Amino acid sequence: MSARTATRKRWWLLAAAAIGALAIPLVPAGAVAVESDACAYGYSASSSVFFGAGSAASGVANYDTGDGCTIMDEVMAGAPFANHGTFLSTVNRVTNELNREGVLTNAEKSDIVSAAAASEVGKPHPVTGTRSVDLSKIGLASFTTRTQMQADPAGTITGLASCGYQNVEMSGAVGRYHGNTAETLAKLASSVGIDVPSIGISLNDLKTNLAGVISDAQAYGAEYVRFSPGGNWTLADFSREAAFLNEVGAQLAPYGIKVAVHNHATEFRAQENGVTGYEVLVRETDPELVAMELDVYWAVSGGADPVELFQTYPGRFELLHLKDRAADGSFSDVGEGTIDFAEIFANASLGGVEYGHVENDSPRPDGVTSACNSLGNLAELRY
């Protein structure tokens, strides 16, 4: 290993600086040039060493270790790990060497090792068929019921509550959610006992109307605001937007809101040197500030395996879109297609999943019926 140069800049310094700039529009920097180093498009040094939420988050800065690499690059190079012991051995080896070279203090080394030990990385997550899905953490992505929500929001929300939904992820843009305001839909949802833990907005909202994003999230009581990347982004675009997300995430954090990235299939398309846009987004965003909302249908359609993503990026997937895929590639209700949801739920704790939102882009015969059918299938699922 070559000599290291530690940057010693923690993510919370970025957050503190960004909070004061809330009223200033964020203008993304120019395209980021590709560096020819040992870890091009690797984990960002502006984030933290993170193996999952809670005690698996070390709080230690993801220091630059030289040759364009970081601590996380060196640890997670072996992911997915065969077992927890192999993972801990890797963490100990890397942190011991970094401690000897002065990159990590004794306390920082101890914090990283403790976080690794508390994580689920490398632990078995078998499908036992004995556990049921916690329906209190299952919601509906409102895009499924977009037609009905526009025509009859009260009836639609009541229909979802009547079949057991306790959460809904409202989709749209600031001030416009299926033709309604956040305040209107929030009151309707609350009246039937439905929470709104996340909302879908646009990237443009985040860039030009952050105050509106915060206002709508607060009206709903949402913890997450999510958006989808552009379908034709280059790696430089992904890298530029990852830096922006760290900035906006720092601005949202004081309000108890986290920005989340929802994928389609194009993020998994290999670009320069086989690197995908999704890799750039996960590795260059700070896990304390930016979450991933994994749409399992689009991930599978793009050639990715949701469980392998959990293993490679533990703790990053706080939100899921639960969408099933028929054998011909079309949409189907959850539990009636080809995606192995038992395996996904068995590994959900490794992925850091907090909420799963049912979705069907082409529901039949209508959105509410499809949504309720999917929820019924999840209620019967054993994993």
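**Entry 1: a helix pair.** I set the cut-off first: an angle under 35 degrees counts as roughly parallel. I also note that I am working from a predicted model. I looked up helix α10 (residues 235-252) and helix α11 (residues 277-284), which pack at an angle of about 25 degrees. Their axes are 9 Å apart. α10 and α11 are therefore roughly parallel to each other. I checked the hand of the crossing of α10 and α11, and it is right-handed. Then I listed the residues that meet. From α10 they are Leu235, Phe238, Ser239, Ala242, Leu245 and Asn246. From α11 they are Gly277, Val280, Leu281 and Glu284.

**Entry 2: the barrel.** Which strands make up the closed barrel? I traced eight strands, running β5-β6-β7-β8-β9-β10-β11-β14, with parallel pairing. Neighbouring strands of this sheet are turned by 25 degrees against each other on average, direction ignored. I then looked for what packs on the sheet. Helix α16 (residues 367-380) does, touching β5 (138-141), β11 and β14 (355-358). The direction of α16 makes about 155 degrees with that of β5.

**Entry 3: strand β10.** I went through the pairings of β10 one by one. Strand β9 (residues 258-262) is joined to β10 by four bridges, and the two run parallel. His262 stands opposite Glu293 of β10. With strand β11 (residues 319-322), β10 pairs in the parallel sense over three bridges. Here the bridge partner of Glu293 is Leu319 in β11.

How many residues of β10 are buried? I found six of six. As background, side chains in a regular strand alternate between the two faces of the sheet. I sorted β10 by side. Val290, Met292 and Leu294 lie on one side, with Ala291, Glu293 and Asp295 on the other. Both faces of β10 are covered.

**Entry 4: Asp295.** I stopped at Asp295, which is found in β10 (residues 290-295). Is Asp295 buried or exposed? Its relative accessibility is 0%, so Asp295 counts as buried. I looked for side-chain partners. A polar contact of 3.1 Å joins the side chains of Asp295 and His262. Beyond four places in sequence, Asp295 is in contact with His262, Asn263, His321, Lys323 and Glu359.

**Entry 5: Lys323.** I followed the contact list of Asp295 to Lys323. Lys323 is found in the loop between β11 and β12 (324-325). I looked up its relative accessible area, and at 1% Lys323 is buried. Which side chain makes a polar contact with the side chain of Lys323? I found Glu359, at 3.2 Å. Not counting residues up to four places away in sequence, Lys323 also has a list of contacts that includes Asp295, Val296, Tyr297 and Trp298. Phe331, Val334, Ile339 and Phe341 are on that list too, along with Glu359 and Asp361.

**Entry 6: strand β14.** I moved on to β14, which closes the listing of the barrel strands. Three bridges join β5 to β14, and the two run parallel. Gly139 stands opposite His357 in β14. On the β11 side, four bridges join β11 to β14, again parallel. There Leu322 stands opposite Val358 in β14. I checked burial next. Tyr355 and His357 point one way from β14, Gly356 and Val358 the other way. All of these are buried.

Entry 7: I came back to α16 and looked up helix α6 (residues 153-162). The axes of α6 and α16 come within 10 Å and cross at roughly 20 degrees. That makes α6 roughly parallel to α16. I noted the hand: α6 passes α16 in a right-handed crossing. Thr156, Gly159 and Leu160 of α6 make the contact with Val368, Ala371 and Cys372 of α16.

**Entry 8: Gln150.** I ended on an exposed residue. Gln150 has its place in helix α5 (residues 146-151). Its relative accessible area is 51%, so Gln150 is exposed. What does Gln150 contact, leaving aside its neighbours within four places in sequence? I found His178 and Gly179. I also looked up Tyr177, which is 27 residues from Gln150 along the chain. The C-alpha atoms of Gln150 and Tyr177 are separated by 8.4 Å.

Notes. Residues numbered from 1 in each chain as written. Predicted model: local features only at pLDDT ≥ 70, side-chain atom pairs only at ≥ 80, totals over all residues. Heavy atoms only, no water. Buried < 20%, exposed > 50% of the residue type's maximum accessible area, 1.4 Å probe, protein only. Polar contact = N/O pair within 3.5 Å; in protein donor to acceptor, adjacent residues only side chain to side chain. Contact = heavy atoms within 4.5 Å. Pairing = 2+ DSSP bridges. Axes fitted to C-alpha atoms, helices over the stretch in contact; angles between N-to-C directions. Parallel < 35°, antiparallel > 145°, perpendicular 65-115°, else oblique. Left-handed = near helix turned anticlockwise from the far one by under 90°.
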